[in-house]
Amino acid sequence: MLFAALLYTPGLTGGWLFDDYPNIVDNRGVQPADHDMASLVRAALSSPSSDFKRPLASLSFALNYLVSGLNPPAMKATNLAIHLVNGLLAFLLLRVVIRTARRREDASADRLAAMVAGGWMLLSINLTSVLYVVQRMESLANAFVLGGLLAYVHGRRRMLEGRPGIVLCIAGVILGTGIGALAKETAVMLPLYALFAEVILFRWQRIGPEGARKDRRLIAFFLIVLALPLCVGGAWLAPTLLDPRTWATRTFTLSTRLLSEGRIVVDYIVWTLFPTPEGLSFYHDDFAISTGLFTPWTTAASIAVLAGLAVFAVAVRARMPLVALGIAWYLGCHLLTGTVLPLELVYEHRNYFASLGVLLAAFDGVPRILTRLHVRRFVLVAIAALFFVWQGGLTLLTAQSWGDPLALAREFAYRGPSSPRAQYELGRTYIIYSRYDPASPYPALATTALEKAAALPGSSILPEQALIFMNSRMHRPIDPAWWKSMVAKLRARPPAVQDESALDALAACLRDKACDFPAQDLLDAYLASLEHPRPSARLLGMYANFAWSSLNDRRLALRVQGNAIAAAPREAAYRIGFVRMATLSGDFNGAREQLGKLRMMNIGGELDHDIDNLDSGLRDAERSAVDNPLRSE
């Protein structure tokens, strides 16, 4: 724990990155002015990352903000504290697991548990779950996963000793899953991890007055908490997953995603045990998607490797239970994020729990194999030492880059030369450092990086947006080719979240008169993005604001804002925007209707402040219309 803290400390001084902005920096919900209940409820339900809102993680960001403001080092220090606690929980869990598997109590079990948990805390692949602030969602969820598993195996140990333990088992799984899922949905995999531990280590046995026998209560429990939710969730998700429109904003389909994830999950194993800077590049948007079993050929080979690991785990579960459990935990962890859900293909933080399984299997299995090959003990010690030095060294070097925004951007660009996001991030960072000073060397560096990013296959419109933004702010000519490229990209594929954010940033710059490009150019870009079927509520809301503030077309703005409400009826923000627009436009009936629906959505008083302000403004406007009917007209 001490070494992990020392290795990560250089990275605590860094800034915000990528998804930190929509979830924290630009999310006013997690920046409450006070700690009253309404503010905290609003903060808990403010995450744009998921329909389930991840309230526990969002609330933790809000509490950080109340203590230290919008301060990245303080946020990162909290993440590090969670990681260290998780390391301790991993050690306590592994100690019980290893003692159970070996059926004896001795110091060797504690040493192995310490090595696996210690190595896990130092793993380079886990760095983003610590220094990438928004991924507190992952580490916080896994704190409850580890705690729930620890409770389960302790309860089962008690049952094997003839003592009561079923309540501890059930409470650990239910509470760990329920509370962990409030931080991130990946915690729903806890019942599966517990099932693997049960099948491999405990085999449904308990000791009672009548001796050892199978405990059918546990079978019923897993049917309720695992099989039933799996069936219900599968039936709920199936229509969405089979709908081609679900995949319209992605560069892959359901089938090509499944093929690609086979290679990715094998890559994760390599990156966990043999990490390199090129492998752990953070941005993986340049990953080549598999289009067939042999396109590329590593697709079939990877699927064969994963199938072989599953078969091997089943075959050795009696003789090498720790190896089998480690493999099962690893593969089980990726069943959620590495199969059918339309998520982005590659993210290193998805291995936060999975990597613990990899280390458990490796640290128990490799010494067994080498010992049978009569490899001497000092060689085993040397291999372990080399592993710790390599992992710790790479984690330290990467953390040092994370401590400085420009160094980190350059490091990402070096590690991902064909990644549009990495090259864009380098250009964006140069813009920040330029302070829009034409005499600075950074604008030229930014232009080179951004034009490279814009030309890379699969790039979003962010590079073009940044080029337009920078040159407009500096009152320099804007190359028409940038607008042309942006419109062409928006016509070619439905806009992703990044594209929407880029359009909104340009609209805000124009609205605030910080940029002086023609509104028609941005209108063309918006219209191109709206040509695709089923535009997102977010895009519609942005277009409505643009129509209101820059086009001065109130009727268009109201109509589009109404479309945003229809696209996301559970999102209060679009109704709030509609009430404001309708009030200023004199559509008092429409404003009253949406205000009434906002009151129905006001859970826990989270919308009290907005409703009061909207109601007050609407009453004032209605009185003004009565007193000055001609002015209202």
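This is a predicted model: local features need pLDDT of at least 70, side-chain atom pairs count only at pLDDT 80 or more; totals for chains, interfaces and linings use all residues.

Colleague: How many residues does helix α18 have, and what does it reach from first C-alpha to last?

Modeller: Helix α18 covers residues 420-434, which is 15 residues. From its first C-alpha to its last it reaches 21 Å, close to the 21 Å expected at 1.5 Å a residue.

Colleague: Where does Lys513 lie, and is it buried or exposed?

Modeller: Lys513 sits in the loop between α22 (497-511) and α23. With a relative accessible area of 73%, Lys513 is exposed.

Colleague: What about cis peptide bonds: which residue does the one ending at Pro296 come from?

Modeller: From Thr295, and omega of that cis bond is near 0°. Pro296 is in the loop between α12 and α13 (298-315).

Colleague: Changing topic to cysteines. How many disulfides does a search of the whole structure find?

Modeller: One. Cys509 pairs with Cys515, with the sulfur atoms 1.8 Å apart. Both Cys509 and Cys515 are buried.

Colleague: Right-handed or left-handed?

Modeller: Right-handed, because the torsion about the S-S bond of Cys509 and Cys515 is about 80°.

Colleague: I also had my eye on Cys169 and Cys231. Is each one buried or exposed?

Modeller: Cys169 is at 1% relative accessibility and counts as buried, whereas Cys231 is at 55% and counts as exposed.

Colleague: OK, salt bridges. How many does the structure hold?

Modeller: It holds 25. One of them joins Arg54 and Glu185, with the closest N and O atoms 2.9 Å apart. Those two are 131 residues apart in the chain: Arg54 is in the loop between α3 (37-44) and α4 (55-68), and Glu185 is in the loop between α9 (166-181) and α10 (190-202). Arg54 and Glu185 are both buried.

Colleague: What does Arg534 pair with?

Modeller: Asp243, at 3.8 Å from N to O. Arg534 is in the loop between α23 (519-529) and α24 (537-549), and Asp243 is in the loop between α11 (216-241) and α12 (254-273), so this pair ties together parts 291 residues apart in sequence. Arg534 is exposed, at 57% relative accessible area, while Asp243 is buried, at 17%.

Colleague: Which residues share partners in one salt-bridge network?

Modeller: Arg592, Arg599, Asp615, Arg619 and Glu622. Within that group, the side chains of Arg599 and Asp615 meet at 3.4 Å, N to O. Arg599 is in helix α27 (residues 588-601) and Asp615 in helix α28 (residues 608-627), 16 residues apart. Arg599 counts as partly exposed, at 41% relative accessibility, and Asp615 as buried, at 12%.

Colleague: Another arginine, then. What joins the side chains of Arg415 and Thr398?

Modeller: A polar contact of 3.0 Å. Arg415 belongs to helix α17 (residues 405-415) and counts as buried, at 8% relative accessibility. Leaving aside neighbours within four places in sequence, its contacts include Pro277, Glu278 and Leu280.

Colleague: Last topic, the nonpolar core. How many residues are in the largest one?

Modeller: The largest nonpolar core has 119 residues, and those with the most contacts inside it are Leu17, Trp120, Trp329, Phe353 and Trp402. Helix α5 (residues 72-102) gives this core its largest share, twelve residues. Apart from that core lies another, of 70 residues, including Leu450, Met486, Leu506 and Leu614.

Colleague: And what is Trp120 in contact with?

Modeller: Leaving aside neighbours within four places in sequence, Trp120 is in contact with His83, Asn86, Gly87, Ala90, Asn126, Leu146, Tyr352, Ser355, Leu356 and Leu359.

Terms used. Residues are numbered from 1 along each chain as its sequence is written. Side-chain values use heavy atoms; hydrogens and water are left out. A nonpolar core is a set of buried Ala, Val, Leu, Ile, Met, Phe, Trp, Tyr and Cys residues joined through side-chain atoms within 4.5 Å. Buried means under 20% relative accessible area, exposed over 50%, partly exposed in between (1.4 Å probe, protein chains only). Helices (H or I, at least four residues) and strands (E, at least two) are DSSP runs, numbered from the N terminus. Contact means heavy atoms within 4.5 Å. The expected span of a helix is 1.5 Å times one less than its number of residues. A salt bridge is a side-chain nitrogen of Lys or Arg within 4 Å of a carboxyl oxygen of Asp or Glu. A disulfide is a pair of cysteine sulfur atoms within 2.5 Å. A polar contact is a pair of N or O atoms within 3.5 Å; within protein, one must be able to donate a hydrogen and the other to accept it, and residues adjacent in sequence count only if both atoms are side-chain atoms.
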